[in-house]
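Hi,

Here is the structure I promised to pass on. Have a look at it first, and then read my notes below.

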Amino acid sequence: MSNDHGGKGVTYYRPRKGKQVLTQRGRKKLYTKLERIAEIAKNNPKEKFTSLIHLVNKEMLIECHYELSGNKATGVDKVTKKEYEMNLEENIDNLITRMKAFKYRPQPVRRVYIDKPGSNKRRPLGIPSYEDKIVQLAINKILQSIYEQDFMDSSFGFRPNRSCHDALKILNVYLSEKNINYVVDADIKGFFDNVDHKWMMKFLEHRISDKNLLRYIGRFLKTGTMENGIYNKVEEGTPQGGIISPTLANIYLHYVLDIWFNNFIKKRCKGQAYIVRYADDFVCCFQFENETKAFYEVLKKRLDKFNLQVAEDKTKILYFGKKSFYDRKFKRV
C-alpha cells in the first residue's frame with residue numbers, strides 16, 4: 001500500500017518484522033564523525049569547515065528519526081512519526097535523492113499560537129513538517145558540534161547541560177561574591193521574529209564554507225509560514241518551534257552580543273562587568289553606575305545595527321548587589 005503525500009514522495013507500508021535499520025556500529029561511526037568535527041573546531045577557532053553536507057546521510061537521518069518524539073503536533077503535511085516509519089528506508093532514500101539534486105525544499109511551517117505565561121498575549125509557534133524535522137535535527141547536530149566549542153560560558157539556554165538553573169547559579173555568584181552594584185535586566189523585542197537573514201548567513205560563514213549546507217539553512221530560514229490555510233512569505237526571523245531555530249538564535253547572539261560584551265565592553269570598563277544570557281534574555285552586571293548607563297546607551301545602537309531592538313518596557317537598570325543590600329539595610333537609600 002502506498003500513498004504520495006503532499007507531492008513529497010512519502011510512502012507507507014508495514015516493515016518486515018525484526019528488520020534493524022541502523023546498527024550499533026553505524027551509530028558509533030556517526031557520532032565519531034561529529035566528535036571529530038568538535039575536536040577540530042575546539043583546537044582551531046578560526047577553522048572554516050568546507051565539507052559537511054555529506055554527514056547528512058542515510059545513517060544520520062535514520063538516527064534523527066528515532067530521536068524525534070512521536071507525540072508532537074504535525075505540520076502542514078499531517079504526517080506523523082508512526083506513518084513515516086511504516087516505510088522508513090524508502091522514505092529516507094527518497095529524501096536523500098532529493099537533497100543531492102537540491103530538489104528538497106522545506107514545507108511551510110504551520111503557525112499556531114500558545115499562551116504566554118503571566119500575560120494575556122499569545123506567542124507564535126512554528127511546527128515544521130515531519131520530514132523537515134528530521135533534516136533540521138541532522139543539521140542541528142552538525143552546527144552544535146562546531147559552535148558548542150565557540151559559545152562562551154556566559155551563554156545558557158538551548159544548549160547541552162546549560163539550563164536556566166545553571167544561569168541563575170552563576171548570576172548569584174556575580175551578585176553575591178563580586179563587586180557588583182548595578183544590573184541591566186534586558187529583553188530583546190520580538191527577537192525570533194526579527195533575526196536578519198543576511199547577517200545570520202554572514203555569521204555562519206565565519207565557520208562554515210560548505211555552500212550546500214548553507215543553502216539548506218537559508219531555505220529553512222525563508223520557508224515561510226502557513227496560517228489558517230494562507231501562506232505567508234518571510235524575509236526575516238526564525239520561527240520559534242523549529243529544531244534548528246534555538247541553535248541559530250544562539251549563533252546570532254554569540255556574534256551580536258556575547259563576543260561584543262566580552263571583547264569590547266568588559267575590557268573598557270574600569271570596574272567589574274559580567275553578562276549572563278539565557279537565549280534572548282540577558283542580564284549585565286556592573287560595578288559602577290556611570291558604566292552601567294553608558295552600556296545601556298551603546299547596547300541600543302549595537303542591537304539596532306543587527307535589526308534588533310531593546311524592549312524598553314521590559315528592560316530596567318537596577319541598583320542591585322552587596323552595596324545596595326547594605327544601603328537598604330542601614331536606610332541610606
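Not counting residues up to four places away in sequence, which residues does Glu205 touch? Before I answer, keep in mind that this is a predicted model.

With those close sequence neighbours left out, Glu205 touches Lys48 and Leu214. You'll find Glu205 in the loop between α8 (197–204) and α9 (211–221). Lys48 sits 157 residues away from Glu205 along the chain, yet their C-alpha atoms are separated by 7.9 Å. Is Glu205 buried, exposed or partly exposed? Its relative accessibility is 39%, so Glu205 counts as partly exposed.

Now zoom out to the whole chain. The protein chain has 12 helices and nine strands. It has 333 residues, and 49% of them count as buried. If you take contacts between residues at least 6 apart in sequence, 73% of them join residues at least 24 apart. The protein chain exposes about 18,000 Å², with carbon and sulfur atoms supplying 50% of that area.

Next, the sheet. Five strands form an open sheet in the order β3-β7-β8-β4-β9, and the pairing is mixed. Its edge strands are β3 (155–156) and β9 (316–319), each of which pairs on one side only. β3 pairs with β7 (residues 273–278) in the parallel sense, over two bridges. If you want to spot this on screen, look for Ser155, which stands opposite Arg277 in β7.

Two helices to look at here are α6 and α10. α6 packs on the sheet and touches β3, β4 (182–187), β7 and β8 (281–286). The direction of α6 makes about 165 degrees with that of β7. Helix α10 (residues 245–268) lies across β3, β7 and β8, and runs at about 170 degrees to β7.

Cheers

Methods. Residues are numbered from 1 along each chain as its sequence is written. This is a predicted model: local features need pLDDT of at least 70, side-chain atom pairs count only at pLDDT 80 or more; totals for chains, interfaces and linings use all residues. Side-chain values use heavy atoms; hydrogens and water are left out. Helices (H or I, at least four residues) and strands (E, at least two) are DSSP runs, numbered from the N terminus. Buried means under 20% relative accessible area, exposed over 50%, partly exposed in between (1.4 Å probe, protein chains only). Contact means heavy atoms within 4.5 Å. Accessible areas come from the Shrake-Rupley method with a 1.4 Å probe; for residues, only the protein chains shown count as cover. Two strands pair if DSSP finds at least two bridges between them. Axes are lines fitted to C-alpha atoms, for helices over the stretch in contact, and angles run from 0 to 180 degrees between N-to-C directions.
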